[in-house]
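Take a look at the model below. Keep it open while you read.

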Amino acid sequence: MATLRYGMADAKPHLFRRLWLRLLATAGIAAAVLLSWWLRIDQARAPSEIATTGFGETIDLGRSLFTPEALQLRRSPDQPDQLVLTASVENVTGKTQNAVFGSPEHPPLLTMGENPLAPPEIVLIRDDAPLYELQPRIPEKIALVWTLAAPWQPQTVEIAFSRQTFKLRDNLYGQASWLVFVPEARMTAEPEAAP
């Protein structure tokens, strides 16, 4: 009987030790998986660096592709100075879009120094009419016009572009939806005098 007792007492520490080691290994693996998952989510949520772009480079804005072509300063003796960004824009969705820059409207943001300007007026170059809607897969030449409050002082400006993300099945209704805006690109330029 004494031998049996000794054998069971000896078996218990091995069993508890094995369970304890397996529990620690499982906790370590779970912690590593959760940490890598969190780092991926954090990286996707806030990209560390916003890409820089220039004239002639296409920018994906979600609903449309936008290609800036030139930034000019318009001066007129009887009107305030204006900065005009000419560009080509193409609706890449399958239907007519009345929100080319997303909904709510999120046009490019022009900043002089630390001061962002009010949203621009967006017009079609072919007839100077406001851009109300854009047909699918038909590129249009447009102009974004920012009216300046004070006479122009030569300086470099920055233009920030945002992309609206698309989700095929949203979490609320399980339908296709355009969701939040994320910074896509930025461009620095010095306006040229308009002819």
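The model is a predicted one.

**The open sheet**

Begin with the sheet. Five strands make up an open sheet. Their order is β1-β10-β9-β5-β6, and the pairing is mixed. Two strands sit at the edges: β1 (51-52) and β6 (115-116). Each of these edge strands pairs on one side only.

Strand β5 covers residues 109-112, and strand β9 covers residues 157-167. The two run antiparallel and are joined by four bridges. Which residue of β9 stands opposite leucine 110? That residue is isoleucine 159.

Next comes strand β4, which spans residues 79-91. How many of its 13 residues are buried? The count is 11, so the strand is mostly covered; buried here means under 20% relative accessible area.

One partner of β4 is strand β3 (residues 64-76). These two strands pair in the antiparallel sense, over 11 bridges. Serine 76 has glutamine 79 in β4 as its bridge partner.

Strand β8 (residues 140-147) also pairs with β4. Eight bridges join them, and the strands run antiparallel. Look for valine 84: its bridge partner in β8 is valine 145.

**Aromatic pairs**

Now turn to the rings. A pair of aromatic rings is described by the distance of the centres and the angle of the planes. Searching the whole structure gives three aromatic pairs. Two of them are set out here.

| Ring pair | Distance of centres | Angle of planes | Class |
|---|---|---|---|
| Phenylalanine 66 and phenylalanine 161 | 5.5 Å | 45° | tilted |
| Phenylalanine 166 and tryptophan 178 | 5.0 Å | 55° | tilted |

Why is the pair of phenylalanine 66 and phenylalanine 161 called tilted? The planes stand at 45°, and the tilted class lies between stacked, under 30 degrees, and edge-to-face, over 60. This pair links distant parts of the chain. Phenylalanine 66 belongs to strand β3 and phenylalanine 161 to strand β9, 95 residues apart.

Phenylalanine 166 lies in strand β9, and tryptophan 178 lies in strand β10 (residues 177-189). The pair therefore ties together parts that are 12 residues apart in sequence. Phenylalanine 166 is partly exposed, with a relative accessible area of 45%. Tryptophan 178 is partly exposed too, with 25%.

**Isoleucine 122**

Last, find isoleucine 122. This residue lies in strand β7 (residues 121-124). Why does isoleucine 122 count as buried? Its relative accessibility is 13%, and the cut-off for buried is under 20%.

What does isoleucine 122 touch, if residues up to four places away in sequence are not counted? Its contacts include Phe101, Glu105 and Pro107. Ala129, Pro130 and Leu131 are also among them.

Serine 177 is 55 residues from isoleucine 122 along the chain. Their C-alpha atoms are separated by 25 Å.

Conventions:
Residues are numbered from 1 along each chain as its sequence is written. This is a predicted model: local features need pLDDT of at least 70, side-chain atom pairs count only at pLDDT 80 or more; totals for chains, interfaces and linings use all residues. Side-chain values use heavy atoms; hydrogens and water are left out. Two strands pair if DSSP finds at least two bridges between them. Buried means under 20% relative accessible area, exposed over 50%, partly exposed in between (1.4 Å probe, protein chains only). Rings of Phe, Tyr and Trp (its six-membered ring) pair if their centres lie within 6.5 Å; planes under 30 degrees apart count as stacked, over 60 as edge-to-face and the rest as tilted. Contact means heavy atoms within 4.5 Å.
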